[in-house]
Amino acid sequence: MMQPATNSVLITPTLEAARDAALVLAATPTRRKNQALEAVAASLRTSVAEILEANALDLAAGEANGLSTGMLDRLSLDLARIDALADAVLQIALLTDPVGVVVRGSSLPNGVKISQVRVPFGVVGVIYEARPNVTVDIAAIALKSGNAVVLRGGSAAENTNRVLVRLLQAAVDGVGLPAASVQTIDPFGRSGATELMQARGYVDVLIPRGSAGLIQAVVTQSKVPVIETGAGVVHIFLDESAIEQMAVDIVHNSKVQRPSVCNALETLLVHEAAADRLLPAVLAKLAASGVTIHGDDRVRALFPAAVPATDEDWGTEYMSLEVAVAVVDSLDDAIRHIRRYSTGHTESIITNDLVNAERFLAEVDSAAVMVNASTRFADGGEFGFGAEVGISTQKLHARGPMGLPELTSTKWIVRGSGQVRG
């Protein structure tokens with residue numbers, strides 16, 4: 001077994017407790033894990049006032065510290081969002097437990113039986129910022145998949161996360177599972193986060209969620225294996241054959257429904273043959289909702305209210321009511337633009353041409369590729385996962401919205417009756 005790192009001083013007791021809890025969780029039956037999740041959901045609903053009081057402190061501090069509108073939106077909880085979190089936890093309880101599922105198996109000619117089965121990772125570390133919903137979502141998925149979780153939620157949500165972790169620990173402890181199954185290292189600040197990234201041998205996998213800067217810092221500095229979640233420079237391409245009302249509705253929903261999240265539209269591309277027909281209505285509805293349009297020259301000729309787009313706009317994740325818009329000469333040009341500027345998160349084509357739809361699906365290399373659908377559907381909850389760990393933009397192990405199976409690895413089980421290898 002790999003020996004734990006020796007330079008984790010502040011958080012070593014936390015990590016040791018997490019490893020012990022992981023051993024218990026790995027052998028915990030599904031029924032007990034579901035009881036813990038049901039207790040978590042009930043605790044969220046009965047503690048709304050306490051959660052909102054803590055969240056109000058974080059929001060006030062965030063406004064005083066100049067957090068962006070998008071970050072404040074991610075930070076904010078209200079009754080509806082807490083209720084949705086509780087519902088997501090209960091949905092996770094209803095999902096099939098991945099632990100012990102046989103991925104494949106066979107019998108050798110000599111009678112030895114082999115099978116590959118899903119097992120928990122063990123200890124999952126998560127570093128994120130200003131997202132208290134992640135505290136609940138990841139803890140719930142970790143519990144159901146038999147993992148202990150160590151959370152670094154950042155200073156912006158420190159008060160909210162402190163309450164949420166306490167509620168999670170009490171709920172887990174109440175059904176006889178280790179309270180250390182869910183822990184936070186927020187009290188240790190940045191030093192704790194640095195130690196978490198160096199804690200190879202204690203932490204089995206590390207997942208960053210947040211800004212591109214945070215994600216890249218974790219990817220480049222961590223000695224622990226990382227599942228990379230990516231920033232969302234998300235594209236929609238309006239093909240020549242796109243139906244106008246469909247284009248208006250999908251573009252508006254993708255940008256406006258919740259602009260601060262990673263699956264929100266950031267760049268709109270329009271086929272030149274459809275620009276005159278589609279752009280005035282599409283952009284007018286966006287502008288009516290307060291969206292600032294950053295347009296190239298051809299866009300501004302059709303929609304003079306647009307501000308000039310710069311080269312930086314094409315690679316920007318606004319996370320706010322802003323969008324970059326360009327007219328392109330062809331589907332090929334749209335795909336080339338996406339290949340150059342996309343972060344590999346989510347892209348969608350609006351089209352009435354089956355050939356173009358299938359080309360887009362085949363040639364665009366992102367974690368989620370869509371036809372005639374809002375990019376906001378790239379989400380674990382919408383995919384039926386209950387919640388998500390994050391949206392992976394890497395290509396190893398997990399890609400796209402990550403649910404229960406993505407927090408498991410596999411091991412080989414071999415059953416013999418005395419066979420030896422000749």
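Student: Which residues of S12 lie on one side and which on the other, and are they buried or exposed?

Tutor: The model is predicted. To read a strand, list the residues on each face and check their accessibility. In S12, one side carries Thr346, Ser348 and Ile350, the other Glu347 and Ile349, and all are buried. Both faces are therefore covered, given that buried means under 20% relative accessible area.

Student: Why does Thr346 count as buried?

Tutor: Thr346 has a relative accessibility of 0% and therefore counts as buried. Leaving out residues up to four places away in sequence, Thr346 touches Val234, His235, Ser366, Ala368, Met370, Thr375 and Ala378. The side chain of Thr346 also makes a polar contact of 2.8 Å with that of His345.

Student: Which strands does S12 pair with, and in what sense?

Tutor: For pairing, look at the bridges and the strand directions. S7 (residues 234–238) runs parallel to S12 and is joined to S12 by four bridges. S13 (residues 368–371) also pairs with S12 in the parallel sense, over four bridges. Glu347 is the bridge partner of His235 and stands opposite Val369 in S13.

Student: How does the chain cross from S12 to S13?

Tutor: For a crossover, follow the path between the two strands. Here the chain passes through helix H14 (residues 354–363), giving a right-handed β-α-β crossover from S12 to S13.

Student: What is the pairing in the open sheet S1-S2-S16?

Tutor: The pairing there is antiparallel, with three strands in that order. S1 (102–107) and S16 (408–415) are the edge strands, each pairing on one side only. The twist averages 20° from one strand to the next.

Notes
Residues numbered from 1 in each chain as written. Predicted model: local features only at pLDDT ≥ 70, side-chain atom pairs only at ≥ 80, totals over all residues. Heavy atoms only, no water. Pairing = 2+ DSSP bridges. Axes fitted to C-alpha atoms, helices over the stretch in contact; angles between N-to-C directions. Buried < 20%, exposed > 50% of the residue type's maximum accessible area, 1.4 Å probe, protein only. Polar contact = N/O pair within 3.5 Å; in protein donor to acceptor, adjacent residues only side chain to side chain. Contact = heavy atoms within 4.5 Å. Right-handed = clockwise from strand over helix to strand, strands pointing away.
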